[in-house]
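Subject: Structure handover, with notes on charged and aromatic contacts

Dear colleague,

I am passing on the structure below, together with some notes on its side-chain contacts. Please read the notes with the structure open beside them.

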Amino acid sequence: MTYEKIFSEVQKSFKKAKISDFTNEFAFQFNITGEGKGIFYAAYKNGVLSIEPYDYKDNDVIFTVDGKTLTAIASGKLEPIDALNDGKLFIDGNREIAKELMLLIDHEKKAAAKSEKSESNPEAKTAEKESTKAAEKPAAAKQEAKSHNKGKNRGKK
């Protein structure tokens with residue numbers, strides 16, 4: 001896999017992150033080792049997420065990882081903690097801020113899990129729709145009763 005392909009996949013994935021979930025400003029540098037070797041950064045400053053193919057000198061955390069592992073992490077197929085425990089991901093810098101990486105990838109996992117659940121179990125999707133409809137019925141009935149009672153009580157005092 002080339003550096004350009006790795007960067008493009010990771011950038012596309014990270015750009016889907018829900019910025020309002022970030023709790024800290026951060027500057028991450030990613031050092032890609034092995035095939036597709038290169039450097040890029042992801043920085044969240046002043047409410048803006050930037051992901052660029054450059055070295056970032058004022059970083060909070062440097063992640064060193066091979067391209068295959070990084071794309072697996074970015075797509076949500078591999079937990080960063082598992083990559084760390086397996087010696088595939090190395091962290092240099094502020095580990096508290098490094099946790100923001102989870103917010104960059106969490107959106108992918110949620111979307112994949114939701115998609116997988118609905119594709120693998122169409123009955124669950126139907127049941128979910130039916131339970132939503134059932135929950136809406138009592139609320140609609142209450143609203144109808146309120147408006148009906150208002151009409152009855154208008155002439156009485």
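What follows covers the salt bridges and then the aromatic pairs.

Please bear in mind that this is a predicted model, in which local features need pLDDT of at least 70 and side-chain atom pairs count only at pLDDT 80 or more, whereas totals for chains, interfaces and linings use all residues. Residues are numbered from 1 along each chain as its sequence is written, and side-chain values use heavy atoms, with hydrogens and water left out.

Salt bridges

Taking a salt bridge to be a side-chain nitrogen of Lys or Arg within 4 Å of a carboxyl oxygen of Asp or Glu, a search of the whole structure gives 3 of them. One joins the side chains of Lys5 and Glu9, at 3.2 Å from N to O, and these two residues both belong to helix α1 (residues 3–14), where they stand 4 residues apart, or about one turn of the helix. Helices here (H or I, at least four residues) and strands (E, at least two) are DSSP runs, numbered from the N terminus. On the accessibility scale, buried means under 20% relative accessible area, exposed over 50%, and partly exposed in between, with a 1.4 Å probe and protein chains only; Lys5 is partly exposed at 46%, and Glu9 is also partly exposed, at 32%.

Lys57 and Asp55 form another salt bridge through their side chains, at 2.9 Å from N to O; Lys57 counts as exposed, with 74% relative accessibility, while Asp55 is partly exposed at 38%. A further salt bridge brings together the side chains of Glu96 and Lys99, at 3.1 Å from N to O, and both Glu96 and Lys99 are exposed.

Aromatic pairs

Rings of Phe, Tyr and Trp (its six-membered ring) pair if their centres lie within 6.5 Å, and planes under 30 degrees apart count as stacked, over 60 as edge-to-face and the rest as tilted; by this rule there are 12 aromatic pairs. Phe14 and Phe30 make a tilted pair, with 5.8 Å from centre to centre and 50° between the planes. This pair links distant parts of the chain, since Phe14 lies in helix α1 and Phe30 in strand β1 (residues 26–33), 16 residues apart. Phe14 and Phe30 are both buried.

The rings of Phe28 and Phe30 have centres 6.3 Å apart and planes at 85°, so that pair is edge-to-face. Phe28 is buried at 0% relative accessibility, and Phe30 is buried at 1%. Ring pairs also link a cluster whose members include Tyr3, Phe7, Phe22, Phe40, Tyr44 and Phe63.
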